[in-house]
Amino acid sequence: MKLSGDKLNVIQEILDKTEKEVENMDPVNILIAGKTGVGKSTLINNIFREKLADTGIGKPVTKHLRKISKQSIPIVLYDTRGLELEQSIQNQVKQEVFDLIKKHKNSQEAIHVAYYCIQATSSRIEDMELELIRDIADKIPVILVLTQAIGKPAEEFKRYLENMNLPVAAIQTIMSEPYEISDDYVIPAFGLKELVAKSLQLIPKDVQKAFTNAQQADIEKKAKDARRWATRYVATSFGVGFIPIPFSDASVLVPMQITLLAHITAIFGISLDKSTIVSIVAAVGGTSSATLLGKTLVANAFKFIPGAGTIVGGIISGTTASVVTSALAISYIEVLSVISAKEKAGESIDLSLIEKLMTRQFKKNIKLNRKQINNKELEFEEGSELETALNEYDIQQNQSLPFYKKIIPTIKKTIEKHQNKH
Ligand SMILES: Nc1nc2c(ncn2[C@@H]2O[C@H](COP(=O)(O)OP(=O)(O)OP(=O)(O)O)[C@@H](O)[C@H]2O)c(=O)[nH]1
Ligand SMILES: [Mg+2]
């Protein structure tokens, strides 16, 4: 039937548009240097999406430089090898690094920032490394990254380096992955969010969008950027007041909403496939309906707006259209935040739960007034809104678990209690 064809077209269009947008983004280019084993790959895998160090094509560009990239992510990384080896090899690595920076200078492939990684527990820095850091910092901004940073010794090493007044833009201690000291003592990951913030301050404005898309350490930052853009988009699309929009003719709203959803997805950068989008869009558009967005969306939305009543003559005001579209944007952003968080944690995503979450958030959000929406935005920046959305997802997950799975935690607790008594 033609109708189901329309539905697929909308989904396909969102995906195509997102893909095109990401492809057209100027990529952010980062040099990641440091000796072997300091944790460069671990850093890359945790600060950026899709375990890039393992899954990105690692192409040798020179003998000691490897280029890591992936088509779906607007980032290019250069990883060094051999800095720990003999002097002659160190010199080769240095020369290749300088050539790389020089070769791409002022082009689209220009290196925007370098992370120079040192293991924080090494607590000393060799002259060779100092010289290299100074030479790179002479050409591009450098962040000195102290990896696998544990407690006081790492803080002391950091202070020691700070007192050296190196020409670096920042020094950041990190733990990319939780570090197991013993069976019952684990140092949690930290510092990546700060590294994201410092990087964003150093890179040019036109590649900040690409960086935000590629990183996964700060999901609130993605949400914040998406909201800021969506708010402006909705305001300029519908204006204020009573401009009538014939919603029975979905041709006005559908392209707007496709642009809206595609751009938000491009800002976020998540490995979306068709079925994820189908679930999200179906949640607000209704599964049996044809055009999903636009007409159906607005019609469904009226069920949720208290006191909206029926729509006379199939015309809605710009205000109503903007309320509905804002709610769509906000809910979509919340759902993408949850998907990003799950992706980051390496957990699989249950599409039926995503659909339920989208419905719930949309029903809630459509009842908010402007002030409440703004408050929500602030809460999102502090992370509590993401917490709430994640909780919603988990609650639903628990509700849909079969009885025997639900009861397992209770049994475990009872056993533990019992064991503690003895
Ligand atoms: N728990 C934990 N382990 C880490 C961290 N960073 C590095 N490691 C461990 O240290 C070892 C070396 O880390 P890599 O990330 O492979 O180091 P690298 O700098 O990429 O090394 P090369 O590729 O040989 O240059 C691995 O066993 C990692 O698991 C961290 O933040 N937390
Ligand atoms: Mg590595």
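**Close-up views of a predicted model**

In the protein chain, 74% of the contacts between residues at least 6 apart in sequence join residues at least 24 apart, two residues being in contact if their C-beta atoms, placed from the backbone, lie within 7 Å. This is a predicted model, in which local features need pLDDT of at least 70 and side-chain atom pairs count only at pLDDT 80 or more, while totals for chains, interfaces and linings use all residues. Residues are numbered from 1 along each chain as its sequence is written, and chains are lettered from A and ligands numbered from 1 in the order in which they are written.

**View 1. The protein chain as a whole.** The protein chain holds 17 helices and 11 strands, where helices (H or I, at least four residues) and strands (E, at least two) are DSSP runs numbered from the N terminus. Of its 422 residues, 40% are buried; a residue is buried if 20 or more other C-beta atoms, placed from the backbone, lie within 10 Å of its own, exposed if 12 or fewer, and partly exposed in between.

**View 2. Strand β5 and its partners.** Strand β5, residues 113-119, is mostly covered, with six of its seven residues buried. Five bridges link β5 in the parallel sense to strand β1, residues 28-34, and here I30 stands opposite V113 of β5; strands count as paired if DSSP finds at least two bridges between them. Strand β6, residues 142-147, also runs parallel to β5 and is joined to it by six bridges, with C117 opposite V145 in β6. From β5 the chain passes through helix α5, residues 127-137, to β6 in a right-handed β-α-β crossover, meaning that, with the strands pointing away from the viewer, the path from the first strand over the helix to the second runs clockwise.

**View 3. The surroundings of ligand 1.** Ligand 1 is surrounded by 14 residues, of which G39, K40, S41, T42 and S176 are the closest; a residue is near a molecule if its C-beta atom, placed from the backbone, lies within 6 Å of it. Helix α2, residues 40-47, gives the largest share of this shell, three residues.

**View 4. Two exposed residues.** K105 sits in the loop between α4 (87-104) and β5, and K105 is exposed because 12 other C-beta atoms lie within 10 Å. Between the C-alpha atoms of K105 and I140, which are 35 residues apart along the chain, the separation is 9.8 Å. Y160, in helix α6 (residues 151-163), likewise counts as exposed, with 12 C-beta neighbours inside 10 Å.
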